[in-house]
Amino acid sequence: MQAKKRYLILLSAGACLVLLSYLGGVQLPAASRSRHDRSRNGYRPDQPWPHFSDPLHLFLPWDETDTEEYNLHISPRQKRDVNTSVYKGKRCRMDSCFDFSLCHKNGFKVYVYPQQKGEKISESYQNILSTIEGSRFYTSDPGQACLFVLSLDTLDRDQLSPQYVHNLKTKVQNLPLWNDGRNHLIFNLYSGTWPDYTEDLGFDIGQAMLAKASISTENFRRNFDVSIPLFSKEHPRTGGERGYLKYNSIPPFRKYMLVFKGKRYLTGIGSDTRNALHHVHNAEDVVLLTTCKHGKDWQKHKDARCDKDNAEYDKYDYKEMLHNSTFCLVPRGRRLGSFRFLEALQAACVPVMLSNGWELPFSEIIDWNTAAVIGDERLLLQIPTTVRSIHQDKILSLRQQTQFLWEAYFSSVEKIVLTTLEIIQDRVLEHGSRSSLMWNSHPGGLFALPQYSGYLGDFPFYYATLGIKPYPKFTAVIHAVSPLVSQSQPILKLLVAVAKSQYCAQIIVLWNCDKPLPAKHRWPATSVPVIVIEGENKVSLDTTPLRIFPNLATLELMSKSFCLSVQVDFAFTVWQSFPERIVGYPARSHFWDSNKERWGYTSKWTNDYSMVLTGAAIYHRYYHHLYTNYLPTSLKSMVDQLANCEDILMNFLVSAVTKLPPIKVTQKKQYKETMMGQSSRASRWADPDHFAQRQTCMNKFASWFGAMPLVHSQMRLDPVLFKDQVSILRKKYRDIERL
């Protein structure tokens, strides 16, 4: 019986073994080994494509495909080969491929290699180099440099382009400071060539950073490279045009909902999306036009739809469409980037991005969700429904942000280059980097210098955002340029009047007179501290006395100015409502002289103005810091040499930052005549050379800014009840009417 049971057990075990063998169970080790071999050696030739069990996986968003499940059948070696096929240094980051020690001694300085004889440089690259050489970052001494920029033109690396520089690999390697690209920055707009347009630059960039257009998220080294926009050779070097949005229409809808007009590629990379646009085009509010008529051999490749598309294409004017559409489609071309991107931004046409895998320009600092619609090329048919569903409040917000971003970072080559350098500087000086709010709100990161303060409330731009008000005190700065002869001199009366203001915290007297400083007992007694500094001027006001009160406004006055404490009080209350602007008394204006084809300067009393002289004005202390640290040495040296025009330059700077005019308040009408009658060096108003110098300054400053930043205004602010026929006792600033 026991033997029978043993036979039955053995028989059952044998049957199970045969069944398992038949079902393939004993082949599991071999299968496992096969998968191991496949992961080590890559795909087999007879299995070139991964198998997708679920067809919906094909429609995963592009930014979710880099997952373990999605890449289950891709070998590590294949991934590595793909990632390193474009250039080496894929794993470079600031902490591994950048030498911070070069920046500690002299700060963030940029050196441009000397241009080599016989080397051709495109106009666009020359604009980039000129911008760097004219910036506050530039140094001509490589020993002081933190960052190095090649003089070899690397913008166009398409071998079919006439701008292509040959033998660049050898030329770069022979540079004495190359050091495998460490602490180098390479600018590039075009890479690769027909037919695949890869991102290969044709030489090993080593450990250099890339400032590149049309860069893919796959090859973009986050917090190391910088994605820049694709711009044309006609893009202005400085200044640039303002955005086209002149006023906000409510509701914010235009003639067209969605438009596009551009080339259609019949073959090759980038053809799929544009070839499918006709499915969405309805010739009413969605107008998406393409043409096959480009290139030498377009007729050889034309398809059945070409003639119809070309005829429809010629019916519409591109600029008219651009300025009258709510949304503008920005599909990829041969490369990921497109000129349509900047064109849409300037036109206040909200970009609808259709370029999967494109690292958007300055994505490290710009929140593009506030200015663009990010679409998916594979969901093209859903785009019209998507944009129609966006609420009009959101459309208005998107449109306004396009204008801010265009004017802050993209309107000129200079702004694109300086934004690139500022991004890298923020990485180098992490403790002094800008916040996202600084980059994405007015006036933008180029005018918000983090070295000034780490607290947003110390800047004049963010009070409304933070929900706070400016500190209710000011520092008065009086420029003394004539000796103290008697106790009846204007400077002493001015000092007493300003000290009586309820908002005055302290007074600083800048003694620029040739005579020695008067004895202490000759100065009048005041209720606020008086600090006298010898031999200083406005350029160097950002010194210890002002740092004691970092939140204070600055009331700047010439010693010959006349004002009452009630005037000062009123001007300061006005400034508290407009802390980002200059608020003051004497106004001047500019005009375009068509005969001389230059800017003119006038002091005539007219119905408008564009400047308020800082000889009697209030403005935020931050502008002292910006004046000292943002403006180039050439302009400040010109002002110092002429001993003139500093008030004009300050107005240029503040208007360039705010895009707004200054504010004029009620003043004594005899101010100009009083100043004209002075004979000391403080008043050169009657000197014709003085006036000619100011004309010259206007044009020199406008040239550096790239455009005329001054804005005309016809507004003057007076106290409520000013000159009204009511009892004088009911008026808060009654003494102003007696001027």
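Start with Arg340, which lies over the face of Tyr318, at 4.9 Å from the ring centre. Keep in mind that this is a predicted model.

Now rings against rings. Searching the whole structure gives 31 aromatic pairs. One of them is Tyr111 with Phe148, edge-to-face, with 6.0 Å centre to centre and 75 degrees between the planes. Tyr111 is in strand E1 and Phe148 in strand E2, so this pair ties together parts 37 residues apart in sequence. Tyr111 is buried, at 9% relative accessible area, and Phe148 is buried at 7%.

Phe362 and Phe410 are stacked, because their ring centres are 5.5 Å apart and their planes are at 25 degrees, with under 30 counting as stacked. Phe362 is in the loop between strands E11 and E12, and Phe410 is in helix H14, so here the parts tied together are 48 residues apart in sequence. Both Phe362 and Phe410 are buried.

There is also a cluster linked by ring pairs: Phe447, Tyr630, Phe652, Phe701, Trp704 and Phe705.

Last, helix H22, residues 633-642. Which of its residues are buried? They are Leu635, Lys636, Met638 and Val639. These cover an arc of only 155 degrees around the axis, which puts them on the same side of H22. They pack against helices H21, H23 and H25. The face turned away from the buried side carries the exposed residues Thr633 and Gln641. After H22 comes Ala643, with a positive phi near 55 degrees.

Terms used. Residues are numbered from 1 along each chain as its sequence is written. This is a predicted model: local features need pLDDT of at least 70, side-chain atom pairs count only at pLDDT 80 or more; totals for chains, interfaces and linings use all residues. Side-chain values use heavy atoms; hydrogens and water are left out. Buried means under 20% relative accessible area, exposed over 50%, partly exposed in between (1.4 Å probe, protein chains only). Helices (H or I, at least four residues) and strands (E, at least two) are DSSP runs, numbered from the N terminus. The arc is that of the directions from the helix axis to the C-beta atoms. Contact means heavy atoms within 4.5 Å. Rings of Phe, Tyr and Trp (its six-membered ring) pair if their centres lie within 6.5 Å; planes under 30 degrees apart count as stacked, over 60 as edge-to-face and the rest as tilted. A charge sits over a ring if NZ of Lys or CZ of Arg is within 6 Å of the ring centre and within 35 degrees of the ring normal.
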